[in-house]
Amino acid sequence: MRMSKLFVQTLREFPSDAEVISHKLLVRAGYIRKLSMGIYNFLPLMWRVLKKVENIVREEMDNAGAQELLMPFVQPKELWEESGRWGAYGGELMRLTDRHGREMCLGPTHEEIITAIARDGLKSYKQLPVNLYQIQSKFRDERRPRFGLLRGREFIMKDAYSFDTTQEGLDKEYKNMWNAYTKIFKRCGLDTKAVQSDSGAIGGSVSHEFMVITDTDAGENDVFYCDCGYAANSNHAISDLPMANIKGEWSTPQIIDTPDTHSIEELCDFLKIEPTVIVKSLVYIVDKNPVIALIRADKNVEETKLLNAVGGNEIRIAVAAEIEDIMVQNGFDAEKGFIGPKGLKEYNGVPVKFVADKTVIDMKNFVIGVNQKDKHGVGYNWECKCNSGGSDSTGLIELPETVADIRLVEAGELCPECGKPLKVTRGIEVGNIFQLGTKYSAPMNAVYTDIDGTTKPYIMGCYGIGISRTAAAAVEAHHDENGIKWPLAIAPYHAIVIPVSTKDELQMKVAEDIYKTLVKHGVEAVIDDRDERAGVKFKDADLIGFPYRITVGKGITEGLVEFKTRETGEILNIKPEDAAEIVVTAITKLK
Ligand code: ATP
Ligand code: MG
């Protein structure tokens, strides 16, 4: 490829709407252009990168025994009704209606379609196990599309689905995919950590995410980990807590004045107590329904865990106006800071749900909101079930039926496996693997006939990799202030040859010769034949991120060219044929 013909427009400045470096660099270096919110054109350089990532994924999936197919992007509502997800999937599902009035959706994921395919084709245990995958565009109307390709609305994913007859079979395939993923990300030049995670809208029980660890804003997930090998996403992490400091000040329950104590800090200051003796009540809205979470006041709620405890799609903390309404509708006048569970019955006709975090179960003589402005209950205790009927007796609060771990883990708390302090870092999830079990096959009646003649639903797994997100994560992991440093295996081109002066005949001839030699040996090379200053060419080469740069300048009169490795910045002055050989050897190793 000749630089004069390459379809690329590099920009002088970073785009103003980009927050993270991969987004900034991919736009500035001419890889992507935004079409609409969360929707991007993949320009030729980007498409080359994406095809390389896809091919690595394809090779390793094929090696692992999976078979590729391609399912439609537009999916009928009926299948989503069979699985129960038409109603259950939240706002991310982009629904549309065709000219015949039939409801459809843009595929955010393909469990329903693949399960229907399997149901039609896999009738006997003899045909199992099978793993089918595709590389396809997905559409999710993400609440917050951001960070360029890291969280788009339209993006490319590899999704695979396995069908087994036994749990042992699924376990084996899960491990098989785990190994394939490890190879895929390594080949893409990415270090990943496999971490336990919540299963989210896809469902299932066991799941792991493959995270690219980063200390930048692009890492949307907090990962808690320990040297012993434990690693989990914050939505799934658990920890043991050191003994709490419990200075129980009030053994007689009473309601006392606590003016202007809107925060836990203010309340602690006022009462001269530790937050570990306070039960805090937080008001959430889950799909319009009120939920009160009770947790020890030095800890925070992890929203995904809370959502899992009550069921539902979308969760958020209530706003002040909603809290006020809840108070009014239940005959109270308290505001944020004074809320408590007692006496809260319903909100807009919906019963209030209560969830207690495990931290509160053993608390005694605690401090708690009693829905009275500028007052708190002190010396309160959980009401014993045996003591029923006394629900308005002072100082007693009913412990909610739902007690769950809804706590956000913090660094320094103790590893659930070995007891050492947990550490925290941030990660970009590039892939994940789930054990689905019969979550889709059972409701969709996707069954096979077993050896004993009975019909059984398949035991399924599903395995995703964000192709476009992986490419962007590679930029997050490999760049410097001058631009991208593509790992060789996924770089759009392997090398660029730069004649310093296109007017210099010798320089041009040697550059053309090197370029031809490279191309002849299968190197994907670009020659910068533009009549530009050398400085401009160098800047573009660094920005675009060619792994190798061979510069033919004045040194050629002594038979030398300059060879630069982008990743390390190392520069060698060597003979043209040696420069070509280094590149050829490097790409041969990739194969
Ligand atoms: P996230 O928690 O980041 O939203 P997810 O759990 O919704 O991801 P899956 O549904 O399992 O992800 O999708 C599989 C893979 O697809 C993810 O591991 C990720 O690499 C990629 N992916 C998911 N959502 C997006 C998106 N909005 N933009 C780009 N890639 C995405
Ligand atoms: Mg998601």
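**Around the ligand**

Tutor: Sorted by class, the shell around ligand 1 has 7 nonpolar, 4 polar and 5 charged residues. Here Ala, Val, Leu, Ile, Met, Phe, Trp, Tyr, Cys and Pro count as nonpolar, Asp, Glu, Lys and Arg as charged, and the others, Gly among them, as polar. It's a predicted model: local features need pLDDT of at least 70, side-chain atom pairs count only at pLDDT 80 or more, and totals for chains, interfaces and linings use all residues. Residues are numbered from 1 along each chain as its sequence is written, ligands are numbered from 1 in the order in which they are written, and side-chain values use heavy atoms, with hydrogens and water left out.

Student: Which residues are the closest to ligand 1?

Tutor: R140, R151, G152, E429 and N432, out of 16 that surround ligand 1 (a heavy atom within 4 Å).

Student: How far is the polar side-chain atom of N432 from an oxygen atom of ligand 1?

Tutor: 2.5 Å. For R140, a polar side-chain atom is 2.7 Å from a ligand 1 oxygen, and a side-chain N or O of R151 is 2.7 Å from an oxygen of ligand 1.

Student: Which element gives the largest share of the shell?

Tutor: β24, with 5 residues. The elements giving two or more are β8 (154-164) and β24 (423-437); strands are DSSP runs (E, at least two residues), numbered from the N terminus.

Student: Switching topic: which residues line the largest cavity?

Tutor: A541, D542, F546, R549, K564 and R566, with lining meaning an atom within 4 Å of a point on a 1 Å grid where a 1.4 Å probe fits but cannot get out. By class, that's 2 nonpolar, no polar and 4 charged.

Key. On a 1 Å grid over the protein atoms alone, a cavity is a set of points where a 1.4 Å probe fits but cannot get out, and a pocket is an open set with protein on both sides within 12 Å along at least five of seven lines; lining residues have an atom within 4 Å of a point. A polar contact is a pair of N or O atoms within 3.5 Å; within protein, one must be able to donate a hydrogen and the other to accept it, and residues adjacent in sequence count only if both atoms are side-chain atoms. Helices (H or I, at least four residues) and strands (E, at least two) are DSSP runs, numbered from the N terminus.
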